[in-house]
Structures are given as C-alpha cells and as structure tokens.
Amino acid sequence: MAPHVLSFINLKGGVAKTTATVQLADTLAFMKQKRVLVLDLDPQTNATLALIGEQRWEEADEAGQTLAHLFLDLLRGDGTFTFDATRAILRGVSNLNRVPPEMIDQLPEGTRYGRVDLLPSSIRLIDVQDRMQDIAGRSHYSVGPMEAVKKFVAPAFSAYDYVLIDCPPNLGFVTQNGLEVSDHYLIPTIPDRLSTYGIPQIAARIAQIRRARDLRLRCLGVLITKYQSQSAQHRQGLQRLPDDLRAAFETTGEGTPPILTTVLPQTNASAEAMTSDRAPANYREKYGSGVVAGQAAYKYGLDLADEIEDLLNGQTRAPSPFSQWAQDMGNR
C-alpha cells in the first residue's frame, strides 16, 4: 500500500509549521504504531534539530548526507554523488524512540513497531535555493529542478505509512520538490492577518503547478495553530477565515479545503517538545499533561492525528455552525 505523502507549507514563519509536523510524526509513530518518514526541506533545519539534535545533524552534514547535498551533487554536474538516500535516511529518530538504530536490523522478521525516520536538512540549502534552476542544464536535462526528490528519494517511500514534508516558507524549487511527490498539502496558520495573508498565493501558485505538472496534489485543509482564545484578533480571524478560503480557492479547480476542527493552542509544552536533548518518559510527558483550554495538552496531538487520518480516508468531521464553533473555542 502506498504511503500518504503530506507537505506542510505556509509563506510566513513562526506559525508552528515544524512543531505540527514533528508532533504529528511522533503521534503517528508512537501512539498509532505507524512508520513515518520526515523530509526536512527547510534550510532552518528546525525539524532536523528537534528530531536528532545538533551533534547527529553535524555528522550527517559533514558526511554529505542531507537533502542539501542531493541538490549540490546535481549542481556539480560531474555525474558523481556523495548523497545516497539509503545512507542519508536516519532511522529511529525522536527522543521517544526506544529501539536503538543499530538494533533495528536485528529485530525478528515481521516485527511491527512505530518509528520516525528522518532525511535531514542543512543550512547549505540557503545557498542552494538560488541555484536550483541550473540543475536541468548541469544534469544534461535528465533531472528537472523540481524532480530531484522524486527521482532519488521517493523510491524509499514504500517502506513507510506516512511521509511528512516540512517545506520552507516560499514556493521556490526546493518547495516544489516536496509538492511534486505529495498527495496533499496542509496549511498550518495562526488565525491572524499576517499568518493567513499568503494563503491566496499558496492556493493560486500550487494550482498552477498542479496543472503544469499534472499532479494529483490537493489541499487537505487548514490547521489553526498557536490559538489564544482570549485574543479578539484570533477569534475574529477564525470567523473571517471561511470566507477568505472560499475566495482563495475559488479559481483553483478544487473545492474549498476544510478548516480542521482540531485547533492547536499555544502551550509551553509544545515549544519545549522541540528540544531534542530532553529525555521524556513517554508521549504524554513530552507534549504535556497540563490542562490547556479544557483538556490535557498532549491530547491535541492525538486529535490532530485522528482528524488527519479521517481526512485522508475521505471522512470529514461534522462541524457545528462556524459562529458557534468560534464561540465554543472562545469558551474553552
């Protein structure tokens, strides 16, 4: 069975895009026993550092085994490759993993257990982004600038249930490499003007890419993050968002995507969970057991994973009328 491949994208930073990616990966792996691969295409490398820490990232970077090195190999154009997807994919990452990477191959055949693997990013992507258009010429037109991940990494996807792609906050060729191999994309956003401002550009540009490249890519939905029920700006943003989405997606050839009923509140626990050198005893400890807006903080990750699975299976959760939903959010 083919994996679900989901890209996370917003044109604004600081909207908990990476936090949502990493928490969903942890939840699917360690609470639902799925095999998850995270591709970090963002040069900020936040997902990478959250999952493996600085030392392990430096080792991968020095060995030439990051996604930046894949693009650099192609830009070099001499037909030699340092990057090898089999070596580059780091197995058994996350501080919730309990099976040491060196023990994975020693497990009995057929053993089924959830885990997160990672194809790390590198800050070298900052320099690569502006040179991506040269890949076609340097590779004698055997690889387009948006096809590197598809050709050299996607064959490894079959070993996973989910592939989650953390995209940079732009729609350049690095992001397009992620979109090229994705079935769906998710837009995490804070419900304020600055964070939602780029959604029409995302919708329009991805619609163009989908038609030009003949992709099956669709927007799975919009995920509200860092929600503060006491903020009038956030409450007004929630009320305004359905009309904004209808306008943004009106000419894209796909329906208006849903606003996920799971809303991720702003919590200290979710920020602390991105620190890889912590040693939490379990998922609940990592993502927080303190009550936030009416339920334990860690349960929001479970709700998100449940809803993502429902949406991918074509099921939608029946929302209350939006005005009532917004009011309910304000009262939580």
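Student: How many cavities of 30 Å³ or more does the structure hold?
Tutor: This predicted model holds one cavity of 30 Å³ or more. The space in the largest cavity is about 30 Å³.

Student: What makes a space a cavity and not a pocket?
Tutor: The term cavity requires points where a 1.4 Å probe fits but cannot get out, whereas a pocket is an open set. The space lined by Pro191, Asp192, Thr196, Gly237, Arg240, Leu241 and Asp244 is the largest cavity.

Student: Which helix gives the largest share of the lining of the largest cavity, and how does that lining divide by class?
Tutor: Helix α11 (residues 232-249) gives the largest share, four residues. By class, the lining has two nonpolar, two polar and three charged residues.

Student: What is the volume of the largest pocket, and which residues are closest to its centre?
Tutor: The volume is about 580 Å³. Of the 32 lining residues, Ala16, Thr18, Thr19, Lys226 and Met274 are the closest to the centre. Two or more lining residues come from each of α1 (17-30), α2 (46-62), β7 (218-227), β8 (259-265) and α12 (268-272). The lining comprises 13 nonpolar, 14 polar and five charged residues.

Student: Why is α1 called roughly perpendicular to α14?
Tutor: The axes of α1 and helix α14 (residues 299-312) cross at roughly 80 degrees and come within 9 Å. Angles of 65 to 115 degrees count as roughly perpendicular, and α1 is therefore described in that way relative to α14.

Student: Which residues of α1 and α14 meet?
Tutor: From α1 come Ala20, Gln23, Leu24, Thr27 and Leu28, and from α14 Gly301, Leu302, Leu304, Ala305, Ile308 and Glu309. The contact of α1 with α14 has seven nonpolar, three polar and one charged residues.

Student: Which residues make the contact of α8 with α10?
Tutor: Gln176, Leu179 and Glu180 of α8 make the contact with Arg205, Ile206, Ile209 and Arg213 of α10. These are three nonpolar, one polar and three charged residues.

Key:
Residues numbered from 1 in each chain as written. Predicted model: local features only at pLDDT ≥ 70, side-chain atom pairs only at ≥ 80, totals over all residues. Heavy atoms only, no water. Contact = heavy atoms within 4.5 Å. Nonpolar A, V, L, I, M, F, W, Y, C, P; charged D, E, K, R; others polar. 1 Å grid on protein atoms, 1.4 Å probe; cavity = no way out; pocket = protein on both sides within 12 Å on 5 of 7 lines; lining within 4 Å. Points joined across faces, edges and corners; volume = space filled by probe spheres on them. Axes fitted to C-alpha atoms, helices over the stretch in contact; angles between N-to-C directions. Parallel < 35°, antiparallel > 145°, perpendicular 65-115°, else oblique.
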